[in-house]
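Biologist: Please show me the model. I have some questions about it.

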Amino acid sequence: MSKNSDQSFDSLMDKFANNIYGSSKGKLRHELLVNNLRNYIKLEDKPLDIIDVGGGTGIMSKVMLEWGHKLTYNDLSADAVAMAKQNLAEFDDVRFLCCSLSELPNQQSYDVVICHAVLEWLESPLDAISSLVTKVKPGGLLSLSFFNKDAHRFGNLLYGNFDYVAADMKNKNTVRLNPNNALEPKKVINHLDNLPVKIISSAGIRCFHDYLKDISKQTDEYENIKAAEIKYGHTEPYKWLGKYFHLIVRC
């Protein structure tokens, strides 16, 4: 959780934004996360105080601001913060913190802590989860999504990448836009079970999209795929095959 050990996207943000959100993969991941959060993060008596940890381009921060909440955006990368400031320029009720998770102010806590697609880039992701829990006000929510190691293994076996799987899916040459520390959902769940929290929602993200034999259907049949993901993504056995896993936790 330090600047020296965790992945930053300085100098890569334009490529990162295009690779992630310029594809049906990124669009679907984002829309499914928003759909999962919609019923839990409502504007009721007053705006919620939310932090988006590792907020990247600011795409999820923008949704929270559009829903009327107060937002703190955080990222380790100065380039990411600069991009997010541009993308969120229309909003007044937002502040920006450029620092690692371990450097977030200890005295500050939030109604909702969002940490999406961050854990797999950290050196000590389970320690990070424990730290994130301390940032949530009593009764508040923690939203975690992370790259699913089990699904990553399953997909590579389907593609016949047996040597890669035998090497525990680690490349000899590090590719900076490939997650380097994917997590097994049940290990994350076991870790949370030992913390003073309650998991209130679990879902796979992209349980079907990435496995389509005809990849043209990823765009041509996008709405049908999305509907299937929403219908089955919270259910056994499909949720365990999601390329990302999403947990909503009550603290």
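Biologist: Is phenylalanine 245 buried or exposed?

Modeller: This is a predicted model, where local features need pLDDT of at least 70, side-chain atom pairs count only at pLDDT 80 or more, and totals for chains, interfaces and linings use all residues. Residues are numbered from 1 along each chain as its sequence is written, and side-chain values use heavy atoms, leaving out hydrogens and water. Buried means under 20% relative accessible area, exposed over 50%, partly exposed in between (1.4 Å probe, protein chains only). Phenylalanine 245 has a relative accessible area of 0%, so it is buried.

Biologist: How is the pair of phenylalanine 146 and phenylalanine 245 arranged?

Modeller: Rings of Phe, Tyr and Trp (its six-membered ring) pair if their centres lie within 6.5 Å; planes under 30 degrees apart count as stacked, over 60 as edge-to-face and the rest as tilted. Here the centres are 6.1 Å apart and the planes are at 40°, so the pair is tilted.

Biologist: How many residues apart are phenylalanine 146 and phenylalanine 245?

Modeller: Phenylalanine 146 is in strand E5 (residues 136–147). Phenylalanine 245 is in strand E7 (residues 244–250). Strands (E) are DSSP runs of at least two residues, numbered from the N terminus. The pair links distant parts of the chain, and the separation is 99 residues.

Biologist: Which residues do ring pairs link into a cluster?

Modeller: Phenylalanine 146 is buried too, at 0% relative accessibility. The cluster linked by ring pairs consists of Phe146, Trp240 and Phe245.

Biologist: How many aromatic pairs does the structure hold?

Modeller: Tyrosine 73 and phenylalanine 96 form one, 5.6 Å centre to centre. The structure's count of aromatic pairs is 8.

Methods
Helix = DSSP H or I, 4+ residues; strand = E, 2+ residues; numbered from the N terminus.
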